[in-house]
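User: I would like to go through this model and ask, for each label attached to it, what the label rests on.

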Amino acid sequence: MIQIAADGAPIAAHVSWTLYPGGDEIAYLRADPVLIGPFGAIHLRFSSAEGATKQETSQLVYLDTTRPFFGGTRPWFICPIESGSEPCGRRVGILYLPPNASHFGCRACWDLTYASCRASHRYDRMFEELARLKPGATAASMRDFLQGAPRWT
Ligand SMILES: [Zn+2]
């Protein structure tokens, strides 16, 4: 699966894949900045080779920015996937191109489970229960206290 992060946008980029160093290009991803909309967009063009057939897909992804409290600006992608007649429109940091998918989209659109996130929240309820037993403790403080314990099993 190919992932692109908004942190790197909107710098023009060209990524190429080969089977071995110096080999023929089997796939590529180009990202070019486009001055459109309030925060710009990137024009993605990517190809993949299925046997002798090489296809190119073109996709326009709008950008958004926020201003973090520590300064600067944080770029975001606006998910371009349309479901029905409505565009997704979620503001996301990473777009995904799952195997056999033809377009980049957000995690929600591609129904990708956030396994590591779910695993990290697996014990939230246990920490909350433990915190109720100790005056002044919070679920976060109990998690910190028990940090040496295995978090994944
Ligand atoms: Zn989406």
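User: In what order do the elements of the protein run from the N terminus on?

Analyst: In this predicted model, the elements follow the order β-β-β-β-β-β-β-β-β-β-α-α-α from the N terminus on, which amounts to 10 strands and 3 helices.

User: Why are strand 2 and strand 3 called a pair?

Analyst: Two strands pair if DSSP finds at least two bridges between them; strand 2 (residues 13-18) and strand 3 (residues 25-34) are joined by 6 bridges, and therefore they meet that criterion. The two strands run antiparallel, and Val15 stands opposite Leu29 in strand 3. Their hairpin has 6 residues between the strands, and Gly22 takes a positive phi near 85 degrees there.

User: What makes the set that includes Val61 and Phe77 a nonpolar core, and which elements contribute to it?

Analyst: Two or more residues each come from strand 4 (41-50), strand 5 (53-66), strand 6 (74-78) and strand 10 (94-97), with the largest share, 4 residues, given by strand 4.

User: What share of the protein counts as buried?

Analyst: Of the 153 residues, 16% count as buried, a label that requires 20 or more other C-beta atoms within 10 Å of a residue's own.

Methods
Residues are numbered from 1 along each chain as its sequence is written. This is a predicted model: local features need pLDDT of at least 70, side-chain atom pairs count only at pLDDT 80 or more; totals for chains, interfaces and linings use all residues. A residue is buried if 20 or more other C-beta atoms lie within 10 Å of its own, exposed if 12 or fewer, and partly exposed in between; C-beta atoms are placed from the backbone.
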